[in-house]
Amino acid sequence: MKFEHLIQINDPQNPLIPPLSRQQVWQGLIHRVENPLPFLPGLESCVIIERHADALLRQLDFGPAVIQDRVTLAEAHWVRFEIEPSFAHPGGSLTITIEEPEPAFLFLRFAYRTTLASGPDSEDRAYIECVKSAYHQSDVDCVRLIRSLAAGGMPR
């Protein structure tokens, strides 16, 4: 299954939404890479196994399941999380891209690739829609946490 959506970060026409800079959004994404606990409900711990200039290998402990993911980064542009297939998880990926179609208009694009079948005849269609909804809510929460970090708060 492939699934993607946009979440608007800045809207200069809406004064109720505090604007964030590309750098503030990027720093929030880096925080998600380095300390994913506030961003991933159920995550008990994260250990960075390897660190390179533009990539990390992490071990994520969710209690009943421990998974590894490889995180690659293109500074101030995108971050990709690739879950390595294992007994606990079939694998998949999430790419979060910072988009700025016009000056001062910032968006985050969340693009998922999973092993779930997504054909219209799939018996799992209701399940897939539930997964998409959960992904979307998780991404809204991610943006909320990035905003909190940018405002000087610590996400919980």
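Predicted model: local features only at pLDDT ≥ 70, side-chain atom pairs only at ≥ 80, totals over all residues.

Colleague: Which residues lie nearest the centre of the second largest pocket?

Modeller: Those are Trp26, Ile30, Ala53, Asp54 and Leu73, out of a lining of 13 residues. Two or more lining residues come from each of helix H1 (22–34), strand E2 (45–52), E3 and E4. H1 gives the most, with four residues. The space inside is about 170 Å³.

Colleague: And what makes up the lining of the largest pocket?

Modeller: By the sorting rule, 16 nonpolar residues, seven polar and five charged. The lining has 28 residues, and Leu40, Ile83, His89, Tyr112 and Tyr135 lie nearest the centre. The elements that supply two or more of them are strand E3 (55–61), strand E4 (66–74), E5, E6, strand E7 (105–114) and helix H2 (125–150). H2 is the top contributor, with six residues. The volume of this largest pocket is about 720 Å³.

Colleague: Let's zoom out. How many helices and strands are there in the protein chain?

Modeller: Two helices and seven strands. Reading from the N terminus, the order goes β-α-β-β-β-β-β-β-α.

Colleague: How do you know that the protein chain agrees with a compact globule?

Modeller: Set the value against the rule. A compact globule with 156 residues would have a radius of gyration near 15 Å, and the protein chain has 16 Å, so the two agree. As for its extent, the C-alpha trace spans about 45 × 40 × 25 Å along its principal axes.

Colleague: What share of the residues count as buried?

Modeller: Of the 156 residues, 37% do. The protein chain exposes about 8,900 Å², and carbon and sulfur atoms supply 55% of that. On contacts, take those between residues at least 6 apart in sequence: 42% of them join residues at least 24 apart.

Colleague: Now some single residues. Why is Lys132 called buried?

Modeller: Buried means under 20% relative accessible area. Lys132 has 18%, so Lys132 is buried. You'll find Lys132 in helix H2. Leaving out neighbours within four places in sequence, Lys132 is in contact with Met1, Phe3 and Arg125.

Colleague: Why is Glu84 called partly exposed?

Modeller: Partly exposed is what sits in between the cut-offs, with buried under 20% and exposed over 50%. The relative accessible area of Glu84 is 27%, so Glu84 is partly exposed.

Colleague: Where is Glu84, and what does it touch?

Modeller: Glu84 is in the loop between strand E5 (78–83) and strand E6 (92–102). Not counting residues up to four places away in sequence, Glu84 touches Leu57, Gln68, Asp69, Arg70, His89 and Gly91. For a sense of distance, Glu84 and Ala55 are 29 residues apart along the chain, and 14 Å separates their C-alpha atoms.

Colleague: What makes Glu102 partly exposed?

Modeller: Its relative accessible area is 46%, so Glu102 is partly exposed. Glu102 belongs to strand E6. The C-alpha atoms of Glu102 and Pro38 are separated by 31 Å, and the two residues are 64 apart along the chain.

Technical notes
Residues numbered from 1 in each chain as written. Heavy atoms only, no water. Buried < 20%, exposed > 50% of the residue type's maximum accessible area, 1.4 Å probe, protein only. Contact = heavy atoms within 4.5 Å. 1 Å grid on protein atoms, 1.4 Å probe; cavity = no way out; pocket = protein on both sides within 12 Å on 5 of 7 lines; lining within 4 Å. Points joined across faces, edges and corners; volume = space filled by probe spheres on them. Nonpolar A, V, L, I, M, F, W, Y, C, P; charged D, E, K, R; others polar. Rg over C-alpha atoms; globule rule 2.2 N^0.38 Å. Areas by Shrake-Rupley, 256 points an atom, 1.4 Å probe, with all protein chains shown as cover.
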